[in-house]
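Please open the structure in your viewer and keep the sequence panel beside it. The tour below goes from one selection to the next and says what is found at each stop.

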Amino acid sequence: MASPADRLRQCLRGNDGCTPMGREGEAEKIRDVLVQPKSAVGFVAGPPGSGKTHTVRSVVAKCMEDEDGKEGADGKEQKEKAVTCWINCMSLSQPGDLYRNLLGAMEPTTAAKGGHDAKEAWKSMLRSMRNRNRTGRRRSSVVLVLDECDAFVAARTDWLAEVQEFCLLVASRCTLKLICISNSPELAGRLMPSLQKSMSHTEIVIFQAYKTQEIKNVLTGLLQGGGLLDWFSPSALQFCAKKIGSQSGDMRYAFCVCMRALELLLGCEATDSPSLKEADIVQEKRQAVEMEHMHAAFQDNGHGGMSKPSNAITALPLHQRLILFTLSKGVLASKDKNVTVAQLTTLHHHYERNCRKRLVKPLSFQQVATACKDLADAGLVQIHQSKNKKVGDTAYKLCRVADVRAALERSHLTTT
Ligand SMILES: Nc1ncnc2c1ncn2[C@@H]1O[C@H](COP(=O)(O)OP(=O)(O)O)[C@@H](O)[C@H]1O
Ligand SMILES: [Mg+2]
């Protein structure tokens, strides 16, 4: 039998397919976009962990299910099924990636033949769309979700232009239902004016950070569903919800803390291998996570990969994470991946390359030096002034290497 910690992990991870609790209003607005007969766009914005991805995912899945149900009931000539394409924009690294991703979803075989040339991918997509339209059936319909669009706002403006051009082109060939998800609402202001003309319906959906009661409801609901509620004392859950509700309102963090607290109770490490089986515990007096475990979980600087420091790293601004990423790669003059120290000149050079790979406009030399100071304040970087006092020769050393690497892994920076 799986340990309680494993069951909790499954319960929190497996939750992704379920309807989000307390986000009914937001879900309805997103649904409105998806059920439009013509092309439509929805901009979803809100702070990290406010349930944006989760809600959009569940609404899209539900709409697809409803579509399938309707077709089955009609029993008539089936209309072409909508293609769903989900793109995490942090994983885009070069122009043309948008096309390649969409093509991959629509025509996997053509995409495979398209090779790595963006232009080729683009051409084959046009061809495939033309072929589809020639078949005389309804225009094909595409549900396109662009998640984590914030990179576009900070990035070179030509990226934004590409998104715009891409969406307009797709909308001219297909019925496009576009959902853009970002933390900042700025994207809507940037893209809305140009897209509005070709979209019959536009919607802005703002997610507020979760409040104490909402966090408590979600946690209680999920734990109950997973048969794990009596592993947590009500006061411990209240403490967790209150602390997070009064700060970031980040549900992801609430999950992490509960996970860590249960691990602390069970005395096992935050690994995937359970060290204590439920049976062992049931035989003893039934225990539960109490305030002290929650408190320790918040304090915890451990290496659970789910603990507070890595969460704080995930929440850092993009450029600070890119700097950490650059340092953590051990890029620096040495081939040794464990050398995580670099002088500003070298660091800036590699950081710029990493930015370019992700089409993010790099910060200037001086700005990087300032960002490094912020990272030093956060205890993530150590600064070693050079003897000659030259700015470029100042060395920066990465601290808490394991935490940083674990956090960056989760924040998609290591995917390219
Ligand atoms: N209302 C909710 N009900 C259940 N789980 C939720 C809810 N909101 C968020 N979650 C969970 O919290 C985590 C973070 O949510 P997510 O949608 O990824 O946040 P965002 O995209 O806003 O950063 C996910 O594991 C998600 O399943
Ligand atoms: Mg998200």
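How far is the sulfur of Cys89 from the closest cysteine sulfur, and in which residue does that closest sulfur lie? Bear in mind throughout that this is a predicted model, and then select Cys89 together with Cys149: the closest cysteine sulfur to that of Cys89 belongs to Cys149, at 4.0 Å, which is too far for a bond, since a disulfide requires the two sulfur atoms to be within 2.5 Å. While Cys89 is still selected, note that this residue counts as buried, with a relative accessibility of 3%.

Next, select Cys240 and Cys258. The sulfur of Cys240 has its closest cysteine sulfur in Cys258, 4.0 Å away, and here too the distance is too far for a bond. Cys240 is buried, at 0% relative accessibility. A search of the whole structure accordingly returns zero disulfides.

Now move to helix α10, by selecting residues 212-225. This helix has 14 residues, and from its first C-alpha to its last it reaches 20 Å, close to the 20 Å expected at 1.5 Å a residue. Colour Ile215, Val218, Leu219, Leu222 and Leu223, which are the buried residues to look for in α10. If you turn the view until you look down the axis of α10, the buried residues fall within an arc of 120 degrees, and therefore they line one face of the helix. On the other side of α10, Gln224 and Gly225 are exposed. Continue past the helix to Gly227, which follows α10 and has a positive phi, near 65 degrees.

Most residues other than glycine have a negative phi. Select Glu148, in the loop between β3 (141-147) and α7 (150-154), where phi is near 50 degrees, a positive value in a residue other than glycine.

Finally, select Arg400, which is found in the loop between β8 (395-398) and α19 (401-410). Is Arg400 buried or exposed, or does it fall in between? With a relative accessible area of 37%, Arg400 is partly exposed.

Definitions and conventions: Residues are numbered from 1 along each chain as its sequence is written. Chains are lettered from A and ligands numbered from 1 in the order in which they are written. This is a predicted model: local features need pLDDT of at least 70, side-chain atom pairs count only at pLDDT 80 or more; totals for chains, interfaces and linings use all residues. Side-chain values use heavy atoms; hydrogens and water are left out. Helices (H or I, at least four residues) and strands (E, at least two) are DSSP runs, numbered from the N terminus. Buried means under 20% relative accessible area, exposed over 50%, partly exposed in between (1.4 Å probe, protein chains only). The expected span of a helix is 1.5 Å times one less than its number of residues. The arc is that of the directions from the helix axis to the C-beta atoms.
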